[in-house]
Every structure is written in C-alpha cells, then in structure tokens.
Amino acid sequence: MSEPVLQFRGVQFGYQAAPVLRGIDFDVEAGSITAVMGPSGSGKSTLMALAAGLLMPDAGAVHRCSTRLGMVFQDPALLPWRTALDNVAFPLIALGLQKRERRERARAMLANVGLSGDDAGKYPRQLSGGMRQRVALARALVIEPDLLLCDEPFSALDALVRAELWRILRGIHARSGLTMLIVTHDGPEAMQCDHLAILSAGHIEQFGTPAEIAHHPVSDVVRTFVAASTGR
C-alpha cells in the first residue's frame with residue numbers, strides 16, 4: 001500500500017448550526033485515483049473544500065502531504081481578459097518562471113488536453129464549454145501538482161466530451177502517477193477508479209475498491225449505487 005497524500009481523520013464540519021459532514025475517515029493513497037459519489041446535498045463539495053484547505057474542520061483533522069495542489073471545478077473560472085494560453089500560464093508566475101518558459105509550458109499542456117495552437121490564442125468567450133474546461137484542466141496541471149482535486153469538472157458537458165476529457169485525464173495519470181481525488185455523478189466513471197467513497201447524509205457509507213463495493217455493499221444506499229453503476 002502506498003503512503004497517503006491526503007488523510008481525513010474524524011472530520012466534522014457544519015455551516016452555522018447545520019452539520020454537513022460527520023466522522024469522515026479515509027486516505028487517498030499516492031498515485032491513486034479516488035472517487036467520491038453521493039446524492040446532492042451529501043457534502044461532497046464541502047469535503048473537497050476541506051481537502052483543498054479552503055475550509056477548516058470543526059473537529060478532526062485533514063492532513064495534506066502534497067507540496068503542490070491543483071484544482072478543477074465544474075465552473076472553469078477562466079480570466080475573461082486573458083487568452084487560453086495566458087490563462088494556463090498565469091499560475092506559473094507564482095513559481096517565478098520567466099514569460100517565455102511560462103508560455104512554452106502552457107502551450108505544451110494545452111496540446112496535452114487536445115487544444116490546438118489556434119485555440120491557445122482565443123479568449124474564453126470564443127471557446128465552447130468543453131474547450132473552456134480543457135483550459136481549466138491544463139491550468140491545474142501545468143504547475144505539475146502532486147495532488148489534483150476535481151469537483152465534478154465534467155458534469156456540465158455532454159457525454160462524448162465528458163468521455164474524451166476523462167480519457168485524457170486518465171492518460172495523464174498513467175504517465176505521471178498523479179494522485180487524484182475526484183467528485184463525480186458518473187457511476188461507470190467512478191467504477192474505473194482505484195478507490196471509491198460513497199457519501200450519504202454527511203458520512204462515508206462505504207469506502208473501498210470498486211470491486212469490494214460492488215461485491216460486498218454494506219447498505220441499501222450502496223446497493224442502489226452499485227445497481228445504477230453496473231446494471232446489476
């Protein structure tokens with residue numbers, strides 16, 4: 001078993017008096033893809049915000065062993081006054097790279113996610129939704145993170161574009177060994193991951209490999225997920 005890059009230990013969190021997460025315990029192993037699934041309102045986005053350090057737990061702890069964190073969300077959140085190339089190059093400023101190297105690395109990463117040189121010069125308003133999400137993915141990856149957090153990054157896209165971006169992401173993972181934690185509503189997609197956490201009503205209903213969960217579901221919630229994801 002690989003060393004964990006991210007650990008949740010007894011994590012609890014709530015907004016004002018309303019509890020959202022309770023007793024969250026699981027590890028994200030180095031080099032793995034871990035998926036999180038659950039119904040709307042189960043606390044998935046809150047869990048990701050805690051993983052990123054954007055929120056602090058009310059109790060318990062989140063331990064991050066990563067040194068460089070990349071993030072992709074459903075909204076690409078691109079800077080509208082910058083081209084695709086300059087959006088991707090932007091985070092490299094904080095790493096102290098010179099403009100020429102920033103642009104070279106950004107151009108190469110845009111090519112890795114399937115965008116052309118012509119696309120690199122376009123502004124976000126000139127790009128389709130799928131292309132904007134490719135730019136957001138390239139921006140997260142260009143810093144060469146050791147942990148990538150993805151909060152439903154492809155859910156607003158049509159099935160063909162989503163499948164292509166998932167293929168690209170898995171290819172990058174295979175080549176780089178990048179550790180990923182991804183929230184998804186796509187059951188078949190989640191079943192391709194190394195580990196799976198099923199979140200329900202603010203707690204982890206079951207955590208394990210997709211095969212373990214498919215063959216040994218621990219509750220009706222998990223059985224419903226397995227049926228929807230595998231047709232069993």
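**View A. E152 sits in the loop that runs between β6 and α6 (159–176).** This is a predicted model, so all of the views here show a prediction. Phi of E152 is near 50 degrees, which is a positive value in a residue other than glycine. Most residues other than glycine have a negative phi. Is E152 buried or exposed? E152 counts as buried because its relative accessible area is 12%, under the 20% cut-off.

**View B. E144 is found in the loop between α5 (129–141) and β6 (147–151).** Here too the backbone is worth a look: E144 is not a glycine, yet its phi is positive, at about 55 degrees. E144 is exposed because its relative accessible area is 58%, over the 50% cut-off.

**View C. F8 and F26 form a stacked aromatic pair.** Searching the whole structure turns up three aromatic pairs, and the one between F8 and F26 is shown here. Their rings lie 4.8 Å apart, centre to centre, with 20 degrees between the planes. Which parts of the chain does this pair link? F8 belongs to strand β1 (residues 4–15) and F26 to strand β2 (residues 18–29), so the pair joins distant parts of the chain, 18 residues apart. Both F8 and F26 are buried.

**View D. F207 joins F8 and F26 in a cluster.** Which residues make up this cluster? Ring pairs connect F8, F26 and F207.

Key:
Residues numbered from 1 in each chain as written. Predicted model: local features only at pLDDT ≥ 70, side-chain atom pairs only at ≥ 80, totals over all residues. Heavy atoms only, no water. Helix = DSSP H or I, 4+ residues; strand = E, 2+ residues; numbered from the N terminus. Buried < 20%, exposed > 50% of the residue type's maximum accessible area, 1.4 Å probe, protein only. Phe/Tyr/Trp six-rings, centres within 6.5 Å; stacked < 30°, edge-to-face > 60°.
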